[in-house]
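Good morning, and thank you for coming. I would ask you to look at the model on the screen while I speak about its cavity, its salt bridges and a surface patch.

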Amino acid sequence: MSRKYIDVMDTTFRDGFQSVFGGRVLMEDFLPAVEMARDIGISHFEFGGGARFQTLFFYLRENAFEMMQKFREAAGAEANLQVLARGINTVMLDTASREIIDLFAKLFAKYETTTVRNFDALNDVRNLEYSSQAIKKNRMLHEVVVTLMDLPPGCSGAHDAAFYKQKVIEILDSGIEFDSIAFKDASGTSNPAKIYETIRMARRLLGDEMHIRLHTHETAGVSVAAYLAALEAGVDGIDLAAAPVSGGTSQPDMLTMLHATKGMGYNLGDLELKKVLEYEKFLKEQLKDYFIPPEATQVNPIIPFAPMPGGALTANTQMMRDSGNLDMFDKVIEAMTEVVQKGGYGTSVTPVSQFYWQQAYSNVVFGPWKKISPGYGKMVLGYFGRTPVVPDPDIVELASKQLNLEPTSKNPIDIADMDEKKSIAYWKKVLEDEGLETSEENIFIAAACDKKGIEFLKGESPLMVRKKSQEDKSKEEKEVLKKEDSKTETYTVVVDGKKYSVQVAKGDNIEAITPIEEKAKEPKKSDTANSGTLEIRSQTPGKVWKIVKSVGDKVKAGDAILILEAMKMEIEIAAPEDGEIASIDVNLNDNISDGQLLATIRQ
């Protein structure tokens, strides 16, 4: 009896890296493994796009286009190299204009992309129409996507097989040209029964010749069962990863699925057990110096209550780990349930998953619905497209008021076309002003990555790779600093009847002194000698992204003083009362701790 061939895409080097390392893996550390994967017969790879575009510029000092070129050399001329694109967002978090979408497709074709998996987190088919035209115009294969998840318990109105059938029909009615269709569950929460019903529905609508795929994650613990249900329903392709970036928040392991399908009549991509074992052994050796966060290797049973994608989960926990507030993770996940319920049921996949996370984070840090995060607010107001169901009207009103934006039903791509900052001419001028080359690659890097893209092109971007060897070195450095700190002594002095704690360094070692600051969550009257000033302190760790006001400026209550960047969002720090800026106590790009003094106002 012949076995049905199931195409397997190896997601190790894109989604696997994103789901375990937040995408932060250097080329030199994984390209040899690509060559080995090629040698054992793997010919379908996910090799770029998604978060593995911006991440390279943000944290790795690597050019994503150069990476794609080298990947092609390693994988071979015949390999099907696939990227992940977010419809109207391409590889960005914000919407793109038509000319930026055209540039995206032109460049990704230039760097030898075979297939573009193209999705919209809201399942708004309008957001797939123009991008699909650009993909096909540049002679790449187009894999159109319906995005999946399970709703939190007690919710209904979308994300069942009937809803997905409606979306497939809309895709067909739109005239979108596609070569294959994928059902993508980034959170891994879709239950197997729904998966079976959905794939069966798609097969009936699309016929026997259409290539149908399923993509899921192990985050909620049901991925293998979901794949088995999809195989029984007639799926043609599935996505798998190799250890150590498989399972947990990533895709199921190749070996796991080979075992799960034993005796079932399926040929999984011609994978051979012994060769896969050697491949995974080699990959583990290549990546042995990388820190694997424990949450990346675990199944999380609360994810169905707050569907957080594997790729976003570890990226967010790593940011929290870096900021020192990882203890807040469970509270943020718990807060996500309400955020999803009130947000219109967009699928929890980038960028919507990030919007959900940012709003949940804001609700935990600032209080429930005290501050609407810009991405979430623009989503419920319609600036990213139509949500599957109408968002909560009170939240829509709150977002409109806080963001000073009216709700809209306009096509998001038309809105983007009207935005000067989403034009090629705008970014060409930015590059010229910075004295940078205005190549098409540089224009797209700047448009996709904004300030961080410019920093990369100027050679000023940080290198932020989490390796064990670097961690050990950091520990050694901290021990040295600890010894230096021991050379200081702390005294209490009284000035004009007030007590102060001071540190005194021995000799001229002033660097050993660590400032002692009182932390406070809310602005409070300063008890320094400069009476009458109002202290403004950070309510979250972050980084100073922009300083809006200067010392001496008059401000009204609510005026922005500076803007922090935290959890991939901009947090405006506003004046709590009228007054005059007495001091700005931070600098641009400073890392900010919770409760740190940012500025003072003289009333």
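Let me begin with a definition: Ala, Val, Leu, Ile, Met, Phe, Trp, Tyr, Cys and Pro count as nonpolar, Asp, Glu, Lys and Arg as charged, and the others as polar. Please keep in mind that this is a predicted model.

A search of the whole structure finds 1 cavity of 30 Å³ or more. The volume of the largest cavity is about 60 Å³. By class, its lining comprises 6 nonpolar, 2 polar and 2 charged residues. Among the lining residues are Arg 86, Asp 120, Asn 127 and Phe 384.

I turn now to the salt bridges, of which the structure holds 30. In one of them, the side chains of Lys 4 and Asp 236 meet at 3.7 Å, N to O. This pair links distant parts of the chain, 232 residues apart, with Lys 4 in strand 1 and Asp 236 in the loop between helix 9 and strand 8. Lys 4 is partly exposed at 32% relative accessible area, whereas Asp 236 is buried at 15%.

Arg 117 and Glu 143 form a salt bridge at 2.6 Å, N to O. Arg 117 lies in strand 4 and Glu 143 in strand 5, so the pair ties together parts that are 26 residues apart in sequence. Arg 117 is buried, with a relative accessible area of 1%, and Glu 143 is buried at 2%.

Finally, the surface: Ile 169, Leu 172 and Leu 205 make a nonpolar patch of about 200 Å². Of these, Leu 172 is found in helix 7 and is partly exposed, at 38% relative accessible area.

Key
Residues numbered from 1 in each chain as written. Predicted model: local features only at pLDDT ≥ 70, side-chain atom pairs only at ≥ 80, totals over all residues. Heavy atoms only, no water. Patch = residues over 30% accessible without salt bridge, like charges linked within 9 Å, V, L, I, M, F, W, Y side chains within 5 Å. Areas by Shrake-Rupley, 256 points an atom, 1.4 Å probe, with all protein chains shown as cover. Salt bridge = Lys/Arg side-chain N within 4 Å of Asp/Glu carboxyl O. Helix = DSSP H or I, 4+ residues; strand = E, 2+ residues; numbered from the N terminus. Buried < 20%, exposed > 50% of the residue type's maximum accessible area, 1.4 Å probe, protein only. 1 Å grid on protein atoms, 1.4 Å probe; cavity = no way out; pocket = protein on both sides within 12 Å on 5 of 7 lines; lining within 4 Å. Points joined across faces, edges and corners; volume = space filled by probe spheres on them.
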